[in-house]
Amino acid sequence: MINDHNQAGPPDVNHVSLDDAEAVDYWTRRFGVSREELEEAVDTVGESVDAVAAYLNVAP
């Protein structure tokens with residue numbers, strides 16, 4: 001996917017990437033969690049947005 005810096009969300013809406021600071025910022029705000037909580041969720045269940053949301057008990 002082409003990286004468009006003007007878009008309002010992460011470059012990949014199906015996966016939670018911890019490699020991109022802008023994506024991490026988006027997902028921590030989206031899920032209302034700290035970076036550490038987001039990292040724990042991804043380490044536990046993988047990068048799927050649905051799996052991370054379920055682990056964090058928030059809507060995807």
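Start by selecting aspartate 20 and glutamate 22. Aspartate 20 caps the N-terminal end of helix α1, with a side-chain oxygen 3.0 Å from the backbone nitrogen of glutamate 22. A polar contact is a pair of N or O atoms within 3.5 Å; within protein, one must be able to donate a hydrogen and the other to accept it, and residues adjacent in sequence count only if both atoms are side-chain atoms.

This is a predicted model, in which local features need pLDDT of at least 70 and side-chain atom pairs count only at pLDDT 80 or more, while totals for chains, interfaces and linings use all residues. Residues are numbered from 1 along each chain as its sequence is written, and side-chain values use heavy atoms, with hydrogens and water left out.

**Whole chain.** Zoom out. The protein has three helices and zero strands. Helices (H or I, at least four residues) and strands (E, at least two) are DSSP runs, numbered from the N terminus. Of the 60 residues, 25% count as buried. Buried means under 20% relative accessible area, exposed over 50%, and partly exposed in between (1.4 Å probe, protein chains only).

**Helix α1.** Select residues 21–31. Ala23, Val24, Trp27, Thr28 and Phe31 are buried here. They lie on the same side of α1, because they cover an arc of only 130° around the axis. The arc is that of the directions from the helix axis to the C-beta atoms. Now turn to the face pointing away from the buried side: Ala21, Glu22 and Arg29 are exposed there. The buried residues of α1 pack against α2 (35–45) and α3 (49–56). Next, click glycine 32, which follows α1 and has a positive phi, near 70°.

**Helix α2.** Leu38, Ala41 and Val42 are buried in α2. Their arc around the axis is only 95°, which puts them on the same side of α2. On the face turned away, find the exposed Glu36 and Asp43. Just after α2 comes glycine 46, with a positive phi of about 95°.

**Where α2 meets α3.** Show both helices. They pack at an angle of about 115°, with axes 9 Å apart. Axes are lines fitted to C-alpha atoms, for helices over the stretch in contact, and angles run from 0 to 180 degrees between N-to-C directions. Which residues of α3 does α2 meet? Select Ala51, Val52, Tyr55 and Leu56. From α2, the partners include Leu38, Ala41 and Val45. Contact means heavy atoms within 4.5 Å.
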